[in-house]
Amino acid sequence: MVKSKDDSTPSDAERLARFSGDPDFMLSLARGLLVLRAFEREPRLTIARAALLTGLPRPAARRCLYTLEQLGYLTAENGGWVLRPLLLSLARTYLTSTRLAETAQPFLDRLRDELGESCSIGVLDGDEIVYIARAETRRIISIALSVGSRLPAYCTSMGRVLLAALDRDQRRQFLDAAPFAARTPYTRTGAAELEDLLDRVGVDGFALIDQEMELGLRSIAVPIRDRSGRVVAAANVGVAAHRADAAELRTRLLPALTGMATALRNDIA
């Protein structure tokens, strides 16, 4: 079986082995979804690239691409496949099923205008965060993120806020996958170190990331709670490192971000 990254990292396809013996698990469906998820990394896939990114054998990758094309999710183009608009219906259904994204957008827009920085809201999905709302600045240099973007939770400010809100068993299960990949020289990757950081986030009520996700990027995040006090999402502000140091994120951005999250809480059903 093909490995997606290196010989020490299990491919996505190999991770499906944990479902072996489960009579209710549809392996063929899971493989098809792996191929769909591969389009998050590359907008156009050939059979070879789909196999490499997922870890599936080429014949299996080809059958998945062919089936998704026949069902209207993909279209063949220039020797590869690209997504079709049909998938937008699924995304729209999710976004309309939760009022959070729609409710939060005006709050994010006002925060962006107040601070002059890009602001986002995300939720935890497995070991990643998913952006469900975003308000961008019009700067020429901007982080390439949008609604639907996914980033690893362990090295992002929103991810750490959401991980800190997990119960101990859930957090331990997440940290069992450590050490994580070092995306920059500053990335915290070890389980013990991350657990201490998450404890601190829980006490402080915010998470600050200083160039751990990407060199030149700092961000700060706070939890978004519903009326019962349950953490349902996280909100962050991201800045280029040359425009603001960590102290300024705490003194200038954090109060406005916290205020936005508090105001939004009153509007969440």
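The side chains of Glu40 and Arg150 form a salt bridge, 3.9 Å from N to O. The term means a side-chain nitrogen of Lys or Arg within 4 Å of a carboxyl oxygen of Asp or Glu. This pair joins distant parts of the chain, 110 residues apart. Glu40 sits in the loop between helix 2 and strand 1 (44–45), Arg150 in strand 6. Helices (H or I, at least four residues) and strands (E, at least two) are DSSP runs, numbered from the N terminus.

A caution here: this is a predicted model, where local features need pLDDT of at least 70 and side-chain atom pairs pLDDT 80 or more, while totals for chains, interfaces and linings use all residues. Residues are numbered from 1 along each chain as its sequence is written, and side-chain values use heavy atoms, leaving out hydrogens and water.

How many salt bridges are found in the whole structure? The search finds 24. Take Asp226 and Arg230, with their closest N and O atoms 3.3 Å apart. Asp226 is buried, at 9% relative accessible area. Arg230 is exposed, at 53%. The cut-offs: buried is under 20% relative accessible area, exposed over 50%, partly exposed in between, with a 1.4 Å probe and protein chains only.

Now back to strand 6. It belongs to an open sheet of 6 strands, in the order 6-5-4-9-8-7, with antiparallel pairing. Strand 6 (150–152) and strand 7 (207–210) are the edges; each has a single partner, so one side of each lacks a neighbour in the sheet. Pairing requires at least two DSSP bridges between two strands. Strands 5 and 6 have 3. There, Ile129 stands opposite Leu151.
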